[in-house]
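Dear colleague,

I am passing on to you the structure that we talked about, together with some notes on what was found in it. Please have it open while you read.

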Amino acid sequence: MNNPLVSIIIPIYNREQTLERCLCSIIRQTYPNLEIIAVDDGSTDHSRVILERYEKKDPRLHVIYKKNSGVSESRNLGLQMAKGDFVQFVDADDWLTRDATSLLLQAMEPDTQLVISDYYRVIGRRIWIKGHIPTSSSMSRAEFAKYMMKSPANFYYGVIWNKFYRMDIIKENQLYFSHDLDWCEDFKFNLEYLKYTSNVQVLTTPFYYYVKTKGSLVDSKIDLKETIRTKKILFGYYKELYQILDMYEENKLKIQSFYLEFARDKVKAPVLPEVPVLPRAGKYRHKEK
C-alpha cells in the first residue's frame, strides 16, 4: 500500500496546559499523509481556543465538539469519522517522537494486523523506557498471548496509545470502546481486536511519551466494588481469547491470575535525565505540496 492515510484520534477534556505540545508532535510527523481528528469532550478551559487556532493552520486537523460524555464516546466518534487505512490513538497529555507514524507504518507488513511498541513513561522531569517483550520480532497471536499471560494487567498490553491498528479490522468487526466501563475500556478494545488478528509485530523502539498526570483516572483510587465489577467483565473477554486459541484449559490458573493483577508497567531501561523540550508550538505549520 503506497502512501496510506493514517488517522490519529485525540480525545480532549480540559487539557489547555498540554494540548499544544501534543498537537505539535503530531503535526510535525515526518510522515505527512495524516488525518488528525481531535474530539473536544465539552472542555470548559481554553482547549477550544487552541484547537481553533491549529485547525486554521493545518488542513489535516479536523475538530469535533460535543457535550461531555466521556473518553469512550470521544474515541468512538473519532472512529466513526475516520477515513484512514490505519489508526493511532494519542491522549492530549502526551506526545509522539517525530518519526512515530513512519516507524509504525514500516512495521505494519501486509500479513501484520497489530503493531505494539515500548514507550516512554514521564513523571515530572524524569523518563523511563517501559515495555514487556524483550526483543523486536514478528510473532503469531498465540506467541503474543503467551507473553500477555505473564503480566495481563501490564499497561503495555492494556493501553491503546502504544499500538497501531488496521482500520478494516475495526470497521468490519464493529469494534468500539465500551460505555459500561469507567476504566480499562482500552484493554477490552484490545482483547476484542486480538480475536481478529493472526500476526503481531513487536517493536522495542519507543515512540510515545506517556505522561503520568496527577489526578487522572489511572492515578486515582478506584472503588473496590467497581474494580471487582470491571475485572469480572474484562475476564470474560480475556478468557474468550484464550479459548479461541485453545490455550485456556492448559493455562487456566495463570489466566485466572488476572483477577489478582494490578495495573503496572515494567522498567526496561535506566532513568533518562529529563523531558526533551519541544520547540514553540507556533513554529510548526504543515505546507501542502
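Which residues line the largest cavity? They are Leu 114, Phe 144, Met 148, Tyr 157, Lys 163, Tyr 165, Asn 190, Tyr 193 and Leu 194, where a cavity is a set of points, on a 1 Å grid over the protein atoms alone, at which a 1.4 Å probe fits but cannot get out, and lining residues have an atom within 4 Å of a point.

Please keep in mind that this is a predicted model, in which local features need pLDDT of at least 70 and side-chain atom pairs count only at pLDDT 80 or more, while totals for chains, interfaces and linings use all residues. Residues are numbered from 1 along each chain as its sequence is written, and side-chain values use heavy atoms, with hydrogens and water left out.

The largest cavity holds about 50 Å³ of space, a volume being the space filled by probe spheres set on the grid points, which are joined across faces, edges and corners. Helix H8 (185-194) gives the largest share of its lining, three residues, and helix H5 (141-150) and strand E10 (163-166) each supply at least two; helices (H or I, at least four residues) and strands (E, at least two) are DSSP runs numbered from the N terminus.

Best wishes

Notes. 1 Å grid on protein atoms, 1.4 Å probe; cavity = no way out; pocket = protein on both sides within 12 Å on 5 of 7 lines; lining within 4 Å.
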